[in-house]
Amino acid sequence: MSNIQPVKLFNAALDDATDSPAGVVLRGALDLGSLHHLLRDDYQREAQPLTAQWRILDALQKRTRLPDVDLGMRGEEFTTRDGSFFLKDPTYIIDGVQRISTIIHFVNTNPGVDVRIGATVHLNTTKEWERERFHRLNNWRSKLSPNILLRNMRESNAGVLMLYSISTNDKVFPLRGRVSWNQRMTKGELTTALTFAKTVAYLHGHKVSSHRNNVEEIGIGLQKLVDVVGIQALRENIRTFFDLIDTCWGIKSVQYKESAIYMRGQFLFVLARLLSDHYDFWQDDAEKRLFVGADLRRKIAQFPIHDPEVVRLAGSSGAARQILYILLRDHINKGKTTKRLSPRSTATTADLSDDDEDDAKAA
């Protein structure tokens, strides 16, 4: 605790706030020298590049006052001196990362310029309370990426935690380090956390029927999968699915996601749903473990992934997914009089057109 640098507020005063943990908040102006002492936890979106913060820079250049930032102090220890408050406990940015980071840059490149930023400080906060407030504030603005909402579920949702862990820490997983759990996709990332989670849901649709219309429903479905399928089987199924894609068309060698048609959300959803719909890929009695035999792997690898029509369908949603599903299924069955795919009686392409969220919206 001795390493914590106090955060200074001037012209500050306590104010009643029934929705804050301590029942009061501290409102005042942040001392610019304290901006570097503010902390940021992992529920936050990452600081955006300055090119994306032109509105904030424009306001600073025009000396326009920015909206106050929202802070949480995990404790209640502060001192006052000469009309200023000094926050002694760790103080985290709940809302205002982009404003704070842009102000720091602006002040460094424009020394002597008078910049002021107000702050509302909640006392006795916890990480959980801050995260919930962060979500509420940003959902009102409808700008927070679903990737971050999913990422922030991992501490309370075993399914989300497993997806996060396998995509960030599993050294043999083809998608390690290539799933975006942030506000925006960066170079080298091939898909978003939202698309990744939806693909897993489609792959296990025969075990858990779940809606995929919003992040909360996806989270509930993933937790159900852990309960029904088991964490180890679920992890192995995800590895098997993406190993199949890596073997057939390549994941580890992809440099630009635009060239990987098979990593588009539409194609992933269709392939995952096709595997879920047919008994051939689930040979254990409980149908909890994905299995793709050598013959089927070879057949899937021969699918004309770069055919112009396939490329068009993989870039579309709605009814296009149903057409792509039929093309892929018929390709696997082509030339076979025996050992054709055995569909479930419930197999249907109907709900493939119900989910129109794509990579672009999640990125």
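**Notebook: a predicted chain**

I looked up glutamate 155 and noted a relative accessibility of 44%, so this residue counts as partly exposed (buried means under 20% relative accessible area, exposed over 50%, partly exposed in between, with a 1.4 Å probe and protein chains only). The model is predicted: local features need pLDDT of at least 70, side-chain atom pairs count only at pLDDT 80 or more, and totals for chains, interfaces and linings use all residues. Residues are numbered from 1 along each chain as its sequence is written, and side-chain values use heavy atoms, with hydrogens and water left out.

**Entry 1. Glutamate 155, continued**

I placed glutamate 155 in the loop between α4 (146-151) and α5 (158-169); helices (H or I, at least four residues) and strands (E, at least two) are DSSP runs, numbered from the N terminus. Leaving aside neighbours within four places in sequence, I listed Asp42, Lys127, Glu128 and Arg131 as the contacts of glutamate 155 (contact means heavy atoms within 4.5 Å). For glutamate 128, which is 27 residues away along the chain, I noted a C-alpha separation of 9.7 Å from glutamate 155.

**Entry 2. The whole chain**

I recorded 13 helices and 9 strands for the chain. The C-alpha trace spans about 90 × 40 × 35 Å along its principal axes. Of the 363 residues, 52% are buried. I also looked at contacts between residues at least 6 apart in sequence: 71% of these join residues at least 24 apart.

**Entry 3. The sheet**

In what order do the strands of the 7-stranded open sheet lie? I read the order as β4-β5-β1-β2-β7-β3-β6, with mixed pairing (two strands pair if DSSP finds at least two bridges between them). At the edges I found β4 (78-81) and β6 (91-95), each of which pairs on one side only. The twist from one strand to the next averages 40°; axes are lines fitted to C-alpha atoms, for helices over the stretch in contact, and angles run from 0 to 180 degrees between N-to-C directions.

I then followed individual pairs. Strands β1 (residues 7-16) and β2 (residues 24-30) run antiparallel and are joined by 6 bridges. Within that part of the sheet, phenylalanine 10 stands opposite alanine 29 in β2. I noted that helix α2 (residues 97-109) packs on the sheet and touches β2, β3 (69-73) and β6. The direction of α2 makes about 115° with that of β6.

Why is strand β7 described as largely enclosed by the rest of the structure? I found that 6 of the 6 residues of β7 (residues 118-123) are buried, so this strand is largely enclosed. In a regular strand the side chains alternate between the two faces of the sheet. In β7, Gly118, Thr120 and His122 point one way, while Ala119, Val121 and Leu123 point the other way, and all are buried.

With β2, strand β7 runs antiparallel over 5 bridges, and arginine 27 has threonine 120 as its bridge partner in β7. With β3, strand β7 runs parallel, again with 5 bridges; methionine 73 stands opposite leucine 123 in β7.

**Entry 5**

I counted 5 of the 5 residues of β6 as buried, so β6 is largely enclosed by the rest of the structure. Strands β3 and β6 pair in the antiparallel sense over 4 bridges, and leucine 71 stands opposite isoleucine 93 in β6.

Is serine 20 buried or exposed? With a relative accessible area of 5%, serine 20 is buried; I located this residue in the loop between β1 and β2. Not counting residues up to four places away in sequence, serine 20 touches Val25, His122, Leu123 and Trp129.

Aspartate 82 lies in the loop between β4 and β5 (84-87) and is exposed, with a relative accessible area of 77%. I noted a phi near 55° for aspartate 82, a positive value in a residue other than glycine. Arginine 63, in the loop between α1 (54-61) and β3, has a positive phi of about 60° although it is not a glycine.

**Entry 4. Helices α8 and α9**

I found that the axes of α8 (residues 231-248) and α9 (residues 265-277) come within 12 Å and cross at roughly 120°. The two helices are therefore oblique to each other (angles under 35 degrees count as roughly parallel, over 145 as roughly antiparallel, 65 to 115 as roughly perpendicular and the rest as oblique). At this contact, Phe241, Phe242, Leu244 and Ile245 in α8 meet Leu268, Leu271, Ala272 and Leu275 in α9. I sorted the residues of this contact into 8 nonpolar, no polar and no charged (Ala, Val, Leu, Ile, Met, Phe, Trp, Tyr, Cys and Pro count as nonpolar, Asp, Glu, Lys and Arg as charged, and the others, Gly among them, as polar).
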